[in-house]
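Subject: Structure for you to look at

Hello,

Here is the structure I promised to hand over. Please open it first, then read my notes below.

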Amino acid sequence: MPQLLMFGLAREVSGLGADDFGSTTLEELLTEACRRYPPRFADVLAASRLWVNGDEPTSTSQRLDRTDEVAVIPPIAGG
Amino acid sequence: MFVEAEPTGDMWCLVRDSLPSVSNAMSWATLTTTGAVVVFSGTVRDHAPGYEAVTAITYEAYESEALKRLAAIATRAREVWIEIDRIALWHRIGRVALGEASVHVVVSAPHRGQAFCAAEFCIDVLKASVPVWKLEHAANGTGWAETGVEAASVEDAARRWLSEHEGRI
């Protein structure tokens with residue numbers, strides 16, 4: 001099943017670095033994530049990029065495979 | 001036992017909680033064709049927007065993607081500055097104390113102009129595209145850096161950098 005990875009503030013708010021979902025589309029997964037985690041997660045999500053297997057998805061209706069890795073990428077601050 | 005990750009050809013990319021000494025990268029980068037080795041080290045400083053008396057920063061990364069992106073940045077730099085000898089891009093993760101380095105960029109080339117330019121390209125594109133986060137530990141509290149930027153793709157960040165520095169290449 002698709003896995004959701006969460007970093008930085010997203011990890012802090014959800015309380016998890018990774019979580020499994022039974023969703024078949026990106027949209028379904030995000031809706032379910034907002035239901036599972038505290039309300040603030042939706043705000044963090046709105047201010048973050050989403051990647052599927054390291055790339056930006058073309059749309060939220062994108063279908064997810066059971067091996068897909070979805071990541072919540074809050075604003076980055078490397079270096 | 002601590003095993004050093006080996007360089008891949010003329011690139012040496014690392015994302016890990018303990019980095020080798022940067023002098024290892026400098027020796028590795030110095031070939032017989034090399035006339036210039038540029039080293040950039042980013043270090044933890046005592047202040048940041050919203051944080052005073054910073055004592056350390058904890059770096060978090062999406063490790064697999066960060067490593068892929070470092071390699072993509074080095075590859076792109078080699079395409080632009082074709083005479084480059086070697087590139088090392090190392091990012092430390094975990095808790096990094098005040099004054100310690102969190103990132104090293106080492107570029108060697110026959111001439112300094114290319115080495116300086118490519119090193120600046122690498123650190124700027126890294127900051128715009130590599131998935132790393134900073135948790136600041138300061139006298140007035142602990143929190144995520146306020147200076148984050150929306151993550152761009154390596155391709156987009158590189159294109160933007162090259163167009164902004166057109167006259168220098």
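**Chain A: charges and overall build**

In chain A, the mean positions of the 7 positive and 12 negative charges are 3 Å apart. Lys and Arg count as positive here, Asp and Glu as negative, and His and the chain ends are not counted. The place of a charge is NZ of Lys, CZ of Arg, CG of Asp or CD of Glu.

Some ground rules before the rest. This is a predicted model, where local features need pLDDT of at least 70, side-chain atom pairs count only at pLDDT 80 or more, and totals for chains, interfaces and linings use all residues. Residues are numbered from 1 along each chain as its sequence is written, chains are lettered from A and ligands numbered from 1 in the order in which they are written, and side-chain values use heavy atoms, with hydrogens and water left out.

Chain A has 3 helices and 4 strands. Both are DSSP runs, numbered from the N terminus: helices are H or I with at least four residues, strands are E with at least two. Along the sequence the order is β-α-β-α-α-β-β.

What radius of gyration does chain A have? The value is 12 Å, which agrees with the figure near 12 Å for a compact globule of 79 residues. The radius is taken over C-alpha atoms, and the globule rule is 2.2 Å times the number of residues to the power 0.38. The C-alpha atoms fill a box of roughly 30 × 30 × 20 Å along the principal axes.

Of the 79 residues of chain A, 47% count as buried. Buried means under 20% relative accessible area, exposed means over 50%, and partly exposed is in between (1.4 Å probe, protein chains only). The accessible surface of chain A is about 3800 Å², and 48% of that belongs to carbon and sulfur atoms. These areas come from the Shrake-Rupley method with a 1.4 Å probe; for residues, only the protein chains shown count as cover.

Now the contacts (heavy atoms within 4.5 Å). In chain A, take those between residues at least 6 apart in sequence: 52% join residues at least 24 apart.

Start with β1 (residues 3–6) of chain A. This strand runs antiparallel to β2 (residues 18–20) of chain A, with 3 bridges. Two strands pair if DSSP finds at least two bridges between them. A:L4 has A:D19 as its bridge partner in β2(A). β1(A) also joins β4 (residues 69–73) of chain A, this time parallel, through 4 bridges. There, A:L5 is partnered by A:A71 of β4(A).

Look next at A:N53, in the loop between β3 (49–52) and β4 of chain A. Its phi is near 55°, a positive value in a residue other than glycine. Most residues other than glycine have a negative phi. A:N53 is partly exposed, at 36% relative accessible area.

**Chain B: the overall build**

Chain B has 4 helices and 8 strands. The order is β-α-β-β-α-β-β-β-α-β-β-α. The C-alpha trace spans about 50 × 40 × 25 Å along its principal axes.

Of the 169 residues, 50% count as buried. The accessible surface of chain B is about 8000 Å², with 52% belonging to carbon and sulfur atoms. Of the contacts in chain B with a separation of 6 or more, 73% are between residues 24 or more positions apart. Chain B has 15 positive and 22 negative side chains, and the centres of the two sets lie 2 Å apart.

- β3(B) is mostly covered, with 6 of its 8 residues buried. This strand pairs antiparallel with β7 (residues 132–138) of chain B over 7 bridges, and antiparallel with β5 (residues 94–97) of chain B over 4 bridges. B:I57 stands opposite B:E136 in β7(B) and opposite B:V96 in β5(B).
- B:V106 lies in β6 (residues 101–109) of chain B. Is B:V106 buried or exposed? B:V106 counts as buried, at 1% relative accessibility. Beyond its neighbours within four places in sequence, its contacts include B:V22, B:M26 and B:I87.
- B:A53 sits in the loop between β2 (36–43) and β3 (54–61) of chain B. Its phi is positive, about 50°, although B:A53 is not a glycine.

Best wishes
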